[in-house]
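This report describes one protein model for a reader who has not seen it before.

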Amino acid sequence: KDEYVPADMVLVASSHPEGQVYVETANVDGETNLKTKQAPEPLVRLVGTHEKPEDACESAGRLRGRIECEGPNEFLYSFVG
């Protein structure tokens, strides 16, 4: 909460019951309004929801898998992966 993170990230857990977070993207696109982002439903089911960030990190840390996605590009509003 209230931390800066790299623009390229994968959301795997949140304290919100549906895996949602609110992200400010001003450093990327200049927009100052908060945007709602959501972890993929399969990850929400695997990781679960946690009140404490440490518990979410512990649960997410047990995941094993591979992420496949497109390479870096100039398209801010589309993503394949």
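## Overall layout

Three helices and two strands make up the protein. Read from the N terminus, these elements follow the order β-α-β-α-α. The C-alpha trace spans about 35 × 30 × 20 Å along its principal axes.

The protein has 81 residues, of which 16% count as buried. Its accessible surface comes to about 7,000 Å², and carbon and sulfur atoms account for 53% of that surface. Taking contacts between residues at least 6 apart in sequence, 35% join residues at least 24 apart.

## Confidence in the model

The model is predicted. Its mean pLDDT is 81, and 96% of the residues reach 70 or more. Among the elements, strand S2 (residues 34–38) has the highest mean pLDDT, at 88. The lowest, 78, belongs to helix H1 (residues 26–29). Where pLDDT is low, predicted coordinates should not be read in detail.

Which residues of H3 are buried? They are Ala-56, Ser-59 and Ala-60. These residues lie on the same side of H3, because they cover an arc of only 95 degrees around the axis. In general, an α-helix has 3.6 residues a turn, so residues three or four places apart point the same way. Helix H2 (41–47) is included in what covers the buried residues of H3.

The face turned away from the buried side carries the exposed residues Glu-54, Cys-57 and Glu-58.

## Ser-59

Ser-59 is part of helix H3, which runs over residues 53–61. Is Ser-59 buried or exposed? With a relative accessible area of 8%, Ser-59 falls under the 20% cut-off and therefore counts as buried.

Leaving aside residues up to four places away in sequence, Ser-59 touches Leu-46, Val-47 and His-50.

## Cysteines

How many disulfides does the structure hold? The number is zero.

Cys-57 has a relative accessible area of 56%, which is over 50%, so Cys-57 counts as exposed. Cys-57 is also one of the exposed residues on the face of H3 turned away from its buried side. For Cys-69 the relative accessibility is 47%, and Cys-69 therefore counts as partly exposed.

Terms used
Residues numbered from 1 in each chain as written. Predicted model: local features only at pLDDT ≥ 70, side-chain atom pairs only at ≥ 80, totals over all residues. Heavy atoms only, no water. Helix = DSSP H or I, 4+ residues; strand = E, 2+ residues; numbered from the N terminus. Buried < 20%, exposed > 50% of the residue type's maximum accessible area, 1.4 Å probe, protein only. Contact = heavy atoms within 4.5 Å. pLDDT = per-residue confidence, 0-100. Disulfide = S-S within 2.5 Å. Arc of directions from axis to C-beta. Areas by Shrake-Rupley, 256 points an atom, 1.4 Å probe, with all protein chains shown as cover.
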